[in-house]
Amino acid sequence: MWETINHFLGVVDNFVWGVPLMVLIMAGGILLTVRLGLLQIRKLPLALKWMVKNEEGGDGEISSFGALCTALSATIGTGNIVGVATAVGAGGPGALFWMVVAAFFGMATKYSEGLLAVKYRVVAEDGHSLGGPFYYIEQGMGPKWKWLAKIFAFFGVCVGLFGIGTFSQVNGISSAVNNFFDPNNAHSVKILPFLGSYSWSVVIASLVLSFCVAAVLIGGVKRIASVSQIVVPFMAVIYVVFVLVLVICNITEVPAAFAVIVKAAFSPKAVTGGAVGSMIVAMQKGVARGIFSNEAGLGSAPIAAAAAQTKEPVRQGLVSMTGTFIDTIVICTLTGLSIVLTGAWQVEGLEGVQVTTYAFQHGLPFPAEVSSFVLMLCLVFFAFTTILGWDYYSERCLEYLSGGKMGCVKAFRWIYILAVFIGPYMTVSAVWTIADIFNGLMALPNMIALFALSGVVVKETKHFFVRHKNGEIED
């Protein structure tokens, strides 16, 4: 049965993530990059400065840094470890090149999303901020486009519940825990007749994770933001330090690794011997996994940006833009480089997190057990915060869909926790394929809105930087 389901999902995934959607997302990023005059290069230093400097006197529920950490909590997840490994495994080293290219243009996309989210946000009766693609579609494009906003919100709920938010993250956590504590499944238990046997490590991980997720989610966005502001910077620094150690220990191989990545991006068969197919396959896997990781174009991050305490849409757009830079251009590149440096992508029989585990075990100057434990810890924290961030996104989408009925939102919260619990019992290929499908469907209405509102983005940007140059806005 699983084989039939996987085949069907594969067909749908290939259709959704075909050339048209890739062209749409890349074209949107390129258009915004050109119209904004390479803003992601010119204003990156300012964006990084404002990333840690909160604005005073702005409206909103959480600080700009809190909003960024909430967005990063949702973006820095299994995509940075498992997703990169999956992309390189399926599309060859060239997939990493296309992942970075997509992220570069995605920075302009993420900037635009953050700007529009703050510009068109609304305040609910109880005082909490509401914003995101559903509001900039409805208010920016006009009420006649409300149907498109509803479609986005529906897919947003689905992505959280069936895609990035639960199954793929929990699956990544349980796989990492299982690989470390019980790699041979020596201690297994049969939960239900139709599920088969699972290691006790998987069962215990799902129970502990569900409890921790429930404890945080009940506190709402402020608790999610407070947890994210502590966990996200900590886990990102720890992971980057260890991968940098790996790269330094293999520094003589780095030039050759970059050469392989670039060569494989344009002629994969010359590097892989035809094992992964054409340049289109490398591009498709790289772009798809890159978007899965940094979410530029999906329209998810602006939901968090709308809660930021700021009165300047451009400022929050710049802060949002740094998320894509940190997530993909820094963290994903380091992960991919470690996989290529150690040859982990060429080892037969490895799947998902096993590929990155192999890279850590063979690339770091530590015992294999220590390297595996560090990776497992990073993956658990990465995925845990992503689960929290995506619950917030999904709740806001459902709040919009239901017309503000908080009873529906609270009921959804418990369904979400249930999805976290059952996530480990889904097959790896099915999990990532489902996530890919909903990602693509969610991106469509958001990209349409970004094309339609690109003029608003350019106008707001020009006006802001004129005021900034005249000293009306402090650095």
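Helices (H or I, at least four residues) and strands (E, at least two) are DSSP runs, numbered from the N terminus. This is a predicted model in which local features need pLDDT of at least 70 and side-chain atom pairs count only at pLDDT 80 or more, while totals for chains, interfaces and linings use all residues. Residues are numbered from 1 along each chain as its sequence is written, and side-chain values use heavy atoms, with hydrogens and water left out.

View 1. Thr324 is found in helix α17, which spans residues 313–341. Thr324 has a relative accessible area of 0% and is therefore buried, where buried means under 20% relative accessible area, exposed over 50%, and partly exposed in between, with a 1.4 Å probe and protein chains only. If residues up to four places away in sequence are not counted, Thr324 touches Ala103, Gly106, Met107, Lys110, Asn294, Ala296 and Ile329, a contact being heavy atoms within 4.5 Å.

**View 2. The chain as a whole.** The chain has 22 helices and 4 strands, and buried residues make up 60% of its 475 residues. Among the contacts in the chain with a separation of 6 or more, 83% are between residues 24 or more positions apart.

**View 3. The largest nonpolar core and Tyr239.** The largest nonpolar core has 142 residues, of which Tyr111, Phe134, Tyr239, Leu318 and Ile339 touch the most other members. Helix α19, residues 368–401, gives the most to this core, with 16 residues. Such a core is a set of buried Ala, Val, Leu, Ile, Met, Phe, Trp, Tyr and Cys residues joined through side-chain atoms within 4.5 Å. With its neighbours within four places in sequence left aside, Tyr239 is in contact with Asn80, Ile81, Ile331, Thr335, Thr356, Phe360, Leu375, Cys378 and Phe382.

**View 4. A nonpolar surface patch on α12 and α19.** Phe234, Ile238, Phe373, Leu377 and Phe381 make a nonpolar surface patch of about 420 Å². Patches are made of residues with over 30% relative accessible area and no salt bridge, with like charges joined within 9 Å and nonpolar side chains (Val, Leu, Ile, Met, Phe, Trp, Tyr) within 5 Å. Helices α12 (220–249) and α19 each supply at least two residues of the nonpolar patch, and α19 gives the most, with 3 residues. Phe373 is found in helix α19, and its relative accessibility of 36% places this residue in the partly exposed class.

View 5. The structure holds 4 salt bridges, each being a side-chain nitrogen of Lys or Arg within 4 Å of a carboxyl oxygen of Asp or Glu. In one of them, Glu460 pairs with Lys119, and the closest N and O atoms are 2.8 Å apart. Because Glu460 lies in helix α22 (residues 454–469) and Lys119 in helix α7 (residues 94–119), this pair ties together parts that are 341 residues apart in sequence. Lys119 is partly exposed, at a relative accessible area of 33%. Arg467 forms a salt bridge with Glu312, again with the closest N and O atoms 2.8 Å apart. This pair links distant parts of the chain, since Arg467 is in helix α22 and Glu312 in the loop between α16 (301–305) and α17, 155 residues apart. Both Arg467 and Glu312 are buried.

View 6. The side chains of Glu399 and Arg396 meet in a salt bridge, with an N to O distance of 3.3 Å. Glu399 and Arg396 are separated by about one helical turn, because they are 3 residues apart in helix α19. Glu399 counts as buried at 4% relative accessibility, as does Arg396 at 8%.

**View 7. Thr70 and Leu388.** Thr70 has its place in helix α5, residues 64–75, and is buried, with a relative accessible area of 1%. Although Thr70 and Leu388 are 318 residues apart along the chain, their C-alpha atoms are separated by 8.4 Å.

View 8. The structure holds 0 disulfides, a disulfide being a pair of cysteine sulfur atoms within 2.5 Å. Cys212 is partly exposed, with 30% relative accessible area, and Cys249 is also partly exposed, with a value of 43%.

Conventions:
Areas by Shrake-Rupley, 256 points an atom, 1.4 Å probe, with all protein chains shown as cover.
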